[in-house]
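Morning, everyone. Please bring up the model on your screens. I'll walk through it quickly.

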Amino acid sequence: MESIKKIIIASISENGIIGNQNKMVWKIPDEIEHFRLTTIDNYILMGRKTFESIGKVLPNRTSLVLSKTKTGNSKNLYYFDEISKVFSFLKENSIPKVYIIGGEAVFLQTIGFADELILSFVKGIYSGDKVFPMNKLDDFELISSEGNTQFIINKFVKKRQISRKMK
Ligand SMILES: NC(=O)c1ccc[n+]([C@@H]2O[C@H](COP(=O)([O-])OP(=O)(O)OC[C@H]3O[C@@H](n4cnc5c(N)ncnc54)[C@H](OP(=O)(O)O)[C@@H]3O)[C@@H](O)[C@H]2O)c1
């Protein structure tokens with residue numbers, strides 16, 4: 001698992017919202033295109049609710065879906081009932097990186113071992129019932145920030161652990 005790069009990608013409102021009633025709250029074409037271009041030809045990991053919300057296997061990507069209630073692998077779609085099994089699968093297939101695309105439950109479980117975050121901060125305050133674990137951002141260092149009037153894409157990398165010997 002250590003050698004597989006784990007990248008969280010999300011879009012988040014100013015008040016930390018990522019979704020409402022199992023739907024996205026905003027539809028910003030340029031932000032959707034950023035997501036598409038970033039994840040294209042890669043493996044994407046998501047929770048069952050996000051997969052059902054999207055409603056299809058996203059083209060030109062391999063979808064890895066976490067669920068303890070659903071099964072049914074098909075072309076470019078694999079179900080897993082434990083996160084560790086996802087990483088065994090990726091390792092067995094020599095896949096170097098995975099994009100973790102949500103939702104709240106999956107971000108909460110994976111941000112502790114994520115290597116990078118690609119977060120679109122969407123302008124505005126929204127109502128919603130799902131949030132991003134913003135309190136974990138202190139573990140990451142902001143390396144780039146670019147955007148437009150609607151959203152800013154912020155890239156973060158995990159802060160390097162300071163060796164005990166160095167202290
Ligand atoms: N703004 C964004 O960037 C963004 C991105 C993605 C999603 N979203 C939003 O987030 C919301 C969905 O988030 P959510 O937290 O409700 O659901 P979710 O994280 O998409 O899916 C949760 C489900 O995933 C499965 N699961 C989670 N952890 C698991 C584990 N360790 N092992 C096995 N299965 C596991 C379970 O499925 P079973 O119940 O089948 O066991 C669980 O009910 C929606 O509103 C969506 O639109 C926003």
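Start with the contacts. Take those in the protein chain with a separation of 6 or more: 65% of them join residues 24 or more positions apart. Keep in mind that this is a predicted model.

Now the layout. The protein chain has 4 helices and 10 strands. Along the sequence they run β-β-α-β-α-β-β-α-β-α-β-β-β-β. The radius of gyration is 16 Å, close to the 15 Å that the globule rule gives for 167 residues, so the chain is as compact as a globular protein of that length. Its C-alpha atoms fill a box of roughly 45 × 40 × 25 Å along the principal axes.

What about the inside? Of the 167 residues, 27% count as buried. The largest nonpolar core has 31 residues. Ile8, Leu45 and Ile100 have the most contacts inside that core. Several elements each supply at least two of its residues, among them β1 (5-13), β3 (43-47), α3 (83-92) and β6 (97-102). In general, nonpolar side chains tend to be buried together in soluble globular proteins.

Look at Leu45. Which residues is Leu45 in contact with, leaving aside neighbours within four places in sequence? They are Leu64, Val86, Val98, Ile100, Ile101 and Val106.

Technical notes
Residues are numbered from 1 along each chain as its sequence is written. This is a predicted model: local features need pLDDT of at least 70, side-chain atom pairs count only at pLDDT 80 or more; totals for chains, interfaces and linings use all residues. A nonpolar core is a set of buried Ala, Val, Leu, Ile, Met, Phe, Trp, Tyr and Cys residues joined through C-beta atoms within 7 Å. A residue is buried if 20 or more other C-beta atoms lie within 10 Å of its own, exposed if 12 or fewer, and partly exposed in between; C-beta atoms are placed from the backbone. Two residues are in contact if their C-beta atoms, placed from the backbone, lie within 7 Å. The radius of gyration is taken over C-alpha atoms; the globule rule is 2.2 Å times the number of residues to the power 0.38.
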